[in-house]
Amino acid sequence: MKIILGLLCLTPLISFADVCKTTKPINTDPYIADIGTRKVTFLAVDFKSNHCWAINEAGLTQRHGPYSSFKIPHTLIALETGAIKSIDERIEWDQQKYPAQDFWPATWKQSHTLASAFKHSAVWYYKALVPRVKPADYKKWLATFHYGNQTFTPGSNEFWLNNELQISPAEQVEFIACVLKNRCGVKANHFAIFESAALQETKNNLTLYAKTGSGPIDPNNNDGAFEGWYVGYIKDATGKPVAAFALYMEAESYSALKDYRKVFSLRLLSDLTLWSD
């Protein structure tokens with residue numbers, strides 16, 4: 001009975017089959033020169049038809065560390081548990097607890113609100129949230145979201161950065177679809193706060209909400225190959241979900257994916273008529 005209950009708990013509220021009634025590979029011939037040596041896995045769903053498009057279908061179920069794309073569920077968890085209460089909640093940067101590293105951008109080396117921490121992807125701010133969230137609450141929400149392998153070490157403020165927690169591109173899209181379709185247990189006011197932080201841009205009556213994430217493939221070599229994400233969704237002028245997507249990429253360096261992951265995602269979404277350039 002315990003095994004059966006455990007399996008039930010791991011069954012997604014919204015499965016890949018629910019999200020993607022049909023899946024069609026994207027013809028990558030027009031993009032080959034642009035992609036270059038990068039390795040790309042991509043999945044997008046059109047909510048009007050529940051039709052999906054994919055690049056590297058074999059890689060859709062392969063799990064990777066989420067890095068800062070975890071700021072999407074992490075923000076929702078923090079709001080739901082009361083770890084943070086508003087978009088303007090400020091945490092002072094404690095340089096003793098979170099000393100600046102060589103690779104830190106200048107925007108990290110300061111105190112942040114939720115809005116600015118999400119915008120600038122300030123890792124230390126989200127590390128500071130960990131003591132404010134009970135391990136049981138992390139466990140509960142990772143299970144509720146069916147977020148990848150749902151693995152974490154209680155008290156660790158690195159579990160989304162060190163490949164302990166892992167998620168696949170398909171699971172990223174399933175999670176986004178769950179949040180959009182029934183909020184996955186998240187209260188409406190908390191989701192509204194999250195969207196205020198996650199809003200990227202509005203163009204031609206379409207609004208983009210998304211988050212990047214990246215880390216070195218060799219954790220001891222920040223000058224080597226990197227892997228990264230661009231994960232999010234699009235709404236129309238009425239607030240109705242249009243699409244959800246996840247792009248996972250491997251590149252020879254951080255600079256090779258830093259801007260490209262978003263640029264290429266939006267190019268694909270535009271070519272699929274889910275976004276407007």
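The lining of the second largest cavity in this predicted model consists of Ile72, Phe175, Ile176, Val179, Leu180, Phe191, Phe194 and Tyr233. Two elements give two or more residues to that lining, α8, residues 169-182, and α9, residues 188-198. The largest share, 4 residues, is from α8. By class, the 8 lining residues are nonpolar, with no polar and no charged residues in the set. The volume of this cavity is about 40 Å³, and the count of cavities of 30 Å³ or more is 2.

How many of the residues of α4 are buried? The number is 10 of 11, over residues 71-81. Among the buried ones are Lys71, His74 and Glu80, along with Ile72, Leu76 and Leu79. Just after α4 comes Gly82, with a positive phi of about 80 degrees.

Now the sheet. There are 7 strands in an open sheet with mixed pairing, and the order reads β1-β3-β2-β9-β8-β7-β6. At the edges stand β1, residues 22-25, and β6, residues 199-203; each has a single partner strand, so one side of each has no neighbour in the sheet. On average, neighbouring strands are turned by 20 degrees against each other, direction ignored.

Within that order, take β7, residues 206-216, and β8, residues 226-235. Their pairing is antiparallel and runs over 10 bridges. Which residue of β8 stands opposite Ala210? That is Gly232.

That is all I have; questions are welcome.

Key: Residues numbered from 1 in each chain as written. Predicted model: local features only at pLDDT ≥ 70, side-chain atom pairs only at ≥ 80, totals over all residues. Heavy atoms only, no water. 1 Å grid on protein atoms, 1.4 Å probe; cavity = no way out; pocket = protein on both sides within 12 Å on 5 of 7 lines; lining within 4 Å. Points joined across faces, edges and corners; volume = space filled by probe spheres on them. Nonpolar A, V, L, I, M, F, W, Y, C, P; charged D, E, K, R; others polar. Buried < 20%, exposed > 50% of the residue type's maximum accessible area, 1.4 Å probe, protein only. Pairing = 2+ DSSP bridges. Axes fitted to C-alpha atoms, helices over the stretch in contact; angles between N-to-C directions.
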